[in-house]
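Colleague: Could you take me through this model, one question at a time, and give each term its cut-off when you first use it?

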Amino acid sequence: MSEKQKKATAYWKENVRYLFILLAIWFAVSFGAGILFKEALDTIKIGGFKLGFWFAQQGSIYIFVILIFVYVRLMNKLDKKYGYND
């Protein structure tokens with residue numbers, strides 16, 4: 001395997017690892033906070049709405065948008081690390 005192929009393989013392994021981590025966070029927030037822990041979160045209110053309801057309706061969307069920006073930042077760093085930022 002050439003040096004270029006090794007670099008590309010390492011790049012994609014790190015990229016896929018970032019994807020799995022970020023998707024796991026999104027899953028935990030959307031499924032966990034919106035469904036599994038809804039009862040416990042409903043004891044807290046934000047603006048008159050129960051927190052479990054808020055996470056189910058809005059929170060997972062906000063977290064997803066934040067994770068997109070985090071992914072962009074991570075990928076920019078990864079591109080620089082492996083020299084793909086041309």
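Modeller: Helices (H or I, at least four residues) and strands (E, at least two) are taken as DSSP runs and are numbered from the N terminus. The model is a predicted one, in which local features need pLDDT of at least 70 and side-chain atom pairs count only at pLDDT 80 or more, while totals for chains, interfaces and linings use all residues. Residues are numbered from 1 along each chain as its sequence is written, and side-chain values use heavy atoms, with hydrogens and water left out.

Colleague: In what order do the elements of the protein run from the N terminus on?

Modeller: The protein contains 3 helices and 2 strands. Read from the N terminus, their order is α-α-β-β-α.

Colleague: What is the radius of gyration of the protein, and what does the globule rule give for 86 residues?

Modeller: The radius is taken over C-alpha atoms, and the rule is 2.2 Å times the number of residues to the power 0.38. Because the radius of the protein is well over the value of the rule, the protein is more spread out than a compact globule. Along its principal axes the C-alpha trace spans about 60 × 20 × 15 Å.

Colleague: Against which helices do the buried residues of H1 pack?

Modeller: Buried means under 20% relative accessible area, exposed over 50% and partly exposed in between, with a 1.4 Å probe and protein chains only. The buried residues of H1 include Tyr 11, Glu 14, Tyr 18, Leu 22 and Val 29. Counting contact as heavy atoms within 4.5 Å, the buried residues of H1 pack against helix H2 (38-41) and H3.

Colleague: Is Ser 60 buried or exposed, and what is its relative accessible area?

Modeller: Ser 60 has its place in helix H3. Leaving aside neighbours within four places in sequence, Ser 60 is in contact with Trp 26, Val 29, Ser 30 and Phe 55. Ser 60 counts as buried, and its relative accessible area is 12%.

Colleague: How far apart are Arg 17 and Glu 14 in helix H1, in residues and in helical turns?

Modeller: A salt bridge is a side-chain nitrogen of Lys or Arg within 4 Å of a carboxyl oxygen of Asp or Glu, and Arg 17 forms one with Glu 14, the closest N and O atoms lying 4.0 Å apart. Arg 17 is partly exposed at 44% relative accessibility, whereas Glu 14 is buried at 11%. In helix H1 (residues 3-36) the two are 3 residues apart, or about one helical turn.

Colleague: Which helices do Lys 81 and Glu 14 lie in?

Modeller: The side chains of Lys 81 and Glu 14 meet in a salt bridge with an N to O distance of 3.2 Å. This pair ties together parts that are 67 residues apart in sequence. Lys 81 is in helix H3 (residues 51-82), and Glu 14 is in helix H1.

Colleague: Which residues do salt bridges with shared partners join into one network?

Modeller: The count of salt bridges comes to 3. In one of them Asp 42 pairs with Lys 38, the closest N and O atoms being 2.7 Å apart; Asp 42 is buried at 14% relative accessibility, and Lys 38 is partly exposed at 30%. The network formed through shared partners joins Glu 14, Arg 17 and Lys 81.

Colleague: Which residues does UniProt list for "transmembrane region"?

Modeller: The listing comes from an unreviewed entry, its positions are given in the numbering used here with feature names shortened, and annotations may be inferred rather than shown by experiment. In the model, residues 16-37 are 95% helix and 0% strand, with end C-alpha atoms 28 Å apart, and residues 52-72 are 100% helix and 0% strand, with end C-alpha atoms 29 Å apart. The residues that UniProt lists are 16-37 and 52-72.
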